[in-house]
Amino acid sequence: MNYTVLVTGSAYGTQNASTAFLFCQSLIKMSHTLNSVFFYCDGVLNANSLNKPASDEFNLLSAWQELSQKNKVKLYVCVSAALRRGIIEDQKTSNIKIKKGNFSSFFESSGLLELAHSIKISDRIIQF
């Protein structure tokens, strides 16, 4: 089966994102197709490169990165929801000055159109 996973919970403070991650791992182990993971609402906080968990805690940001790289899973972040929550990409101004953002590089910014496309080509959408 083809799946799209929608994550609306933040990386820390709720179990939504970590449960979504474990679900994605299980899908891949069971040979299902994971079309993409879309981060929306507070889920966009998963893309904050400033998240630094304690050394004895699970690093969800690194786990998403590894899942994406090993399994070629697209990780989409709603750009509007991200901006509302202070997650910004690197920016160039007219003076060629670069402002360093806190948007993790292995996530891709997108809009709800990408979510709609992922839903269209999937058999199931699961929200966490």
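The side chains of Arg85 and Asp42 meet in a salt bridge, with 2.7 Å from N to O. The term salt bridge stands for a side-chain nitrogen of Lys or Arg within 4 Å of a carboxyl oxygen of Asp or Glu. This pair links distant parts of the chain: Arg85 sits in the loop between α3 and β4 (91–92), Asp42 sits in the loop between β2 and α2, and the two are 43 residues apart. Helices (H or I, at least four residues) and strands (E, at least two) are DSSP runs, numbered from the N terminus.

Before we go on, a word about the model: it is predicted, local features need pLDDT of at least 70, side-chain atom pairs count only at pLDDT 80 or more, and totals for chains, interfaces and linings use all residues. Residues are numbered from 1 along each chain as its sequence is written, and side-chain values use heavy atoms, with hydrogens and water left out.

**Salt bridges**

How many salt bridges does the structure hold? There are 3, and here they are side by side.

| Pair | N to O distance |
|---|---|
| Arg85 and Asp42 | 2.7 Å |
| Glu66 and Lys70 | 2.9 Å |
| Lys74 and Glu108 | 3.2 Å |

Glu66 and Lys70 share helix α2, where they lie 4 residues apart, about one turn of the helix. Lys74, in strand β3, and Glu108, in strand β6 (residues 108–110), tie together parts that are 34 residues apart in sequence.

Now look at how open these residues are. Buried means under 20% relative accessible area, exposed means over 50%, and partly exposed is in between (1.4 Å probe, protein chains only). Lys70 is exposed because its relative accessible area is 61%, while Glu66 counts as partly exposed at 43%. Arg85 is partly exposed at 30%, and Asp42 is partly exposed at 36%. Lys74 is partly exposed as well, at 39%, and so is Glu108, at 31%.

**Inside the fold**

In soluble globular proteins, nonpolar side chains tend to be buried together. A nonpolar core is a set of buried Ala, Val, Leu, Ile, Met, Phe, Trp, Tyr and Cys residues joined through side-chain atoms within 4.5 Å. The largest one here has 34 residues, and Val5, Val37, Trp64 and Phe107 touch the most other members. Two or more residues of this core come from each of β1 (2–7), α1 (16–29), β2 (33–39), α2 (60–71), β3 (74–78) and α3.

Contact means heavy atoms within 4.5 Å. Not counting residues up to four places away in sequence, Trp64 touches residues including Val7, Phe21, Val37, Leu75 and Phe107.

Is strand β3 largely enclosed or open? Strand β3 is largely enclosed by the rest of the structure, because 4 of its 5 residues are buried. Strands β2 and β3 run parallel and are joined by 4 bridges; two strands pair if DSSP finds at least two bridges between them. Phe38 stands opposite Tyr76 in β3.

Thr4 belongs to strand β1 and is buried, at 0% relative accessibility. Leaving aside neighbours within four places in sequence, Thr4 is in contact with Asn35, Ser36 and Leu115, among others.

**On the surface**

Val79, Leu83 and Ile88 form a nonpolar surface patch, with about 220 Å² of accessible area together. Patches are made of residues with over 30% relative accessible area and no salt bridge: like charges are joined within 9 Å, nonpolar side chains (Val, Leu, Ile, Met, Phe, Trp, Tyr) within 5 Å. Accessible areas come from the Shrake-Rupley method with a 1.4 Å probe; for residues, only the protein chains shown count as cover. Val79 is part of helix α3 (residues 79–84) and counts as partly exposed, at 33% relative accessibility.
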